[in-house]
Amino acid sequence: MAKRRLRTGPTAVLPAKVQPAELLRIVRLADPGARLDGDDVVATDVRICAPVEAEPELTGGELEKSWAVRVAGEGPLPLDFFDRFLAEGIAYRLKGLAVCRGEVSDPADEENAGPAVIVPVRPSAEELAPLLEPQEDDEFTFVAGEVRAVLVPQKGQPPAVAELLPFATELTAIELRGEEQAKLGALALELADRLQGLVVDRWRFRIDAPEDLLPPE
């Protein structure tokens, strides 16, 4: 595959080749309906291409040996940055880098970006009261100690939360911000349990345990 083709879509650049089954497992955290098509993975409106060996120049020499997993749109342009989020989420889980529009980034370097709890109905202050306190003069912001929570109406529909959609009337994200990811994850999972929601990370990959938010060892 020519290098210029690798740059036509968001790309996860990995230090080792990932097997199709493992790539599918990771992508299904973002889209439970993803499936294999040969060695590629097909998800909502995108194709995650099988890894190909890439030249060091793709990441500006950051990785001596690298394998590129390109996320290409299938049909209409993927909505809500789903293709970029996929590339960054894959790179994060496999200790790699992300390349989007020629810019190289390390997803593990992002700070102050925590999980979100996606709920089918916007919760009231009373429903949040056991875990979160309202911020004065702001109906969308709540706090719990050093943790800040913001209610964000969802215009799009992340594939990871598809099971909520038949019952959703006002899909809402409770975005949590703070310094300790494990604590944020524990709070997010408790909120999800109370409000019948699902927890996703900053790239809209589903998480099931606080440890899922920590960088891979």
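Predicted model: local features only at pLDDT ≥ 70, side-chain atom pairs only at ≥ 80, totals over all residues.
Now take the helix itself. Helix α5 covers residues 181-195, which makes 15 residues.

Next comes burial. Gln181, Leu184, Gly185, Leu187, Ala188, Leu191, Ala192 and Leu195 are the buried residues of α5. An α-helix has 3.6 residues a turn, so residues three or four places apart point the same way. The cover over the buried residues of α5 includes strands β11 (138-144), β12 (147-153) and β13 (172-177). Helix α4 (125-128) is also among the covering elements. On the other side of α5, Lys183 and Asp193 are exposed.

Lys183 leads on to the salt bridges. The structure holds 13 of them. Lys183 pairs with Glu180, with the closest N and O atoms 3.6 Å apart. Lys183 has a relative accessible area of 54%, while Glu180 is partly exposed at 47%.

Another pair is Arg47 and Asp37, at 3.0 Å between the closest N and O atoms. This pair links strand β4 (residues 46-48) to strand β2 (residues 35-37), the two residues being 10 apart in the chain. Arg47 counts as buried because its relative accessibility is 18%; Asp37 is partly exposed at 35%. Asp40 joins Asp37 and Arg47 in a network of salt bridges.

Definitions and conventions
Residues numbered from 1 in each chain as written. Heavy atoms only, no water. Helix = DSSP H or I, 4+ residues; strand = E, 2+ residues; numbered from the N terminus. Expected span 1.5 Å × (residues − 1). Buried < 20%, exposed > 50% of the residue type's maximum accessible area, 1.4 Å probe, protein only. Contact = heavy atoms within 4.5 Å. Salt bridge = Lys/Arg side-chain N within 4 Å of Asp/Glu carboxyl O.
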